[in-house]
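Open the structure in your viewer and keep the selection tool at hand. The tour goes from one selection to the next.

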Amino acid sequence: MTVFMVLSAIAILAALGVVLFSSPVRSALCLVFNFFTLAFIYFGLKTELLGITQIVVYTGAIMVLFLFVIMLLNLGGPQTWKERFEFRTVLGFGFGFALAAVIASQVFANFQYFDKPQAPDSFGSPQALGRVLFTHYVWPFEIASILLLIGIVGSIMLAKRKL
Amino acid sequence: MTGNNLADYLTLGLIMFSIGAVGVIVRRNPIVIFMCIELMLNAVNLTFLAFARFTPTSAALADRAESFMSGQMMVVFVMAVAAAEVAVGLGIIMAIYRLRNEIDIDEMNLLKG
């Protein structure tokens with residue numbers, strides 16, 4: 001319980017850092033922290049394979065892509081435009097609090113009593129996940145691979161000098 | 001970590017999702033907006049996994065392996081879609097930067113009639 005509390009406190013602080021830091025590089029590093037702690041929370045949920053996938057895919061691949069684009073566009077230095085304080089800021093925070101309040105009031109009363117894990121401890125192992133992924137979910141798996149192929153083709157098209 | 005119940009994980013997911021939503025509205029840097037979208041996707045992933053671990057399955061499905069696995073499968077596909085989305089989205093940001101030499105989100109009004 002204390003481990004979970006410490007991890008979730010780090011995750012929430014890192015998430016706040018993503019929004020509140022004005023430098024994009026600091027936001028990206030906070031996001032890396034957040035994804036990393038989230039991977040350990042996944043380990044606590046006994047979904048080991050997805051925790052490792054979280055580290056490899058998010059902190060390994062996606063965040064490297066983010067940092068690469070930040071460096072390439074030369075956004076790491078002092079901010080070229082100020083984050084103005086305006087009406088939209090107030091609106092955004094009000095919307096966030098309202099969203100949190102609505103979800104909390106509607107959801108949490110019903111989920112207080114689910115304190116016993118129902119799934120078996122081995123349900124996140126690579127064997128279990130791979131067996132279901134390649135039998136019962138093989139069609140969505142193939143469609144996801146086609147989607148990634150389209151993503152590759154699209155990003156190459158966008159990166160070409162002349163469209 | 002056996003002392004946790006489902007509501008703890010849902011609270012963490014809720015807080016992260018709300019922070020991400022606020023960030024999408026408040027920030028003006030499109031790359032930070034992308035990061036906030038990733039934050040929201042990860043909050044949803046956490047919620048999927050918490051439900052997959054804690055909610056009971058019906059007795060008719062309890063002996064079939066895939067009855068426990070659907071939450072994890074959804075997380076796998078969300079990760080795949082997020083990877084494709086980031087690749088294409090950052091490509092679009094690069095193309096806009098090459099075209100206009102700035103990426104202020106308020107100046108991107110090409111589609112406005």
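Which residues does L39(B) touch, not counting residues up to four places away in sequence? Select L39(B) and show its surroundings. From chain A, L39(B) touches A15(A), V18(A), L31(A) and N34(A); from chain B, the list holds M16(B), I19(B) and G20(B). Keep in mind throughout that this is a predicted model.

**The core**

L39(B) is also one of the residues with the most contacts inside the largest nonpolar core. That core has 61 residues, and V18(A), L31(A), M35(B) and L49(B) are named along with L39(B) for their contacts inside it. Now colour the helices that build the core. In chain A, α1 (2–20), α2 (24–44), α3 (48–72) and α5 (126–133) each supply at least two of its residues.

**Chain B**

Select chain B by itself. It has 3 helices and 0 strands, in the order α-α-α from the N terminus on. Of its 113 residues, 45% count as buried. Among its contacts between residues at least 6 apart in sequence, 52% join residues at least 24 apart.

**Where the chains meet**

Show both chains again. The contact takes 74 residues from chain A and 64 residues from chain B. On the side of chain A that touches chain B, α1, α2, α3, α4 (87–111), α5 and α6 (138–159) each supply at least two residues. The largest share of that side, 14 residues, comes from α4(A). By class, the side has 53 nonpolar, 16 polar and 5 charged residues.

**A80(B)**

Next, go to helix α3 of chain B and select A80(B). Leaving aside neighbours within four places in sequence, A80(B) is in contact with A144(A), L147(A) and L148(A). For a distance check, pick I15(B): its C-alpha atom is separated from that of A80(B) by 24 Å, and the two are 65 residues apart along the chain.

**L7(A)**

The last stop is L7(A), in helix α1 of chain A. L7(A) has 20 other C-beta atoms within 10 Å, so L7(A) is buried. Not counting residues up to four places away in sequence, L7(A) touches T37(A), F40(A) and I41(A). Finally, select V69(A): L7(A) and V69(A) are 62 residues apart in sequence and 29 Å apart in space, C-alpha to C-alpha.

Conventions:
Residues numbered from 1 in each chain as written. Chains lettered and ligands numbered in written order. Predicted model: local features only at pLDDT ≥ 70, side-chain atom pairs only at ≥ 80, totals over all residues. Helix = DSSP H or I, 4+ residues; strand = E, 2+ residues; numbered from the N terminus. Buried ≥ 20, exposed ≤ 12 C-beta atoms within 10 Å, placed from the backbone. Contact = placed C-beta atoms within 7 Å. Core = buried A, V, L, I, M, F, W, Y, C linked by C-beta atoms within 7 Å. Nonpolar A, V, L, I, M, F, W, Y, C, P; charged D, E, K, R; others polar.
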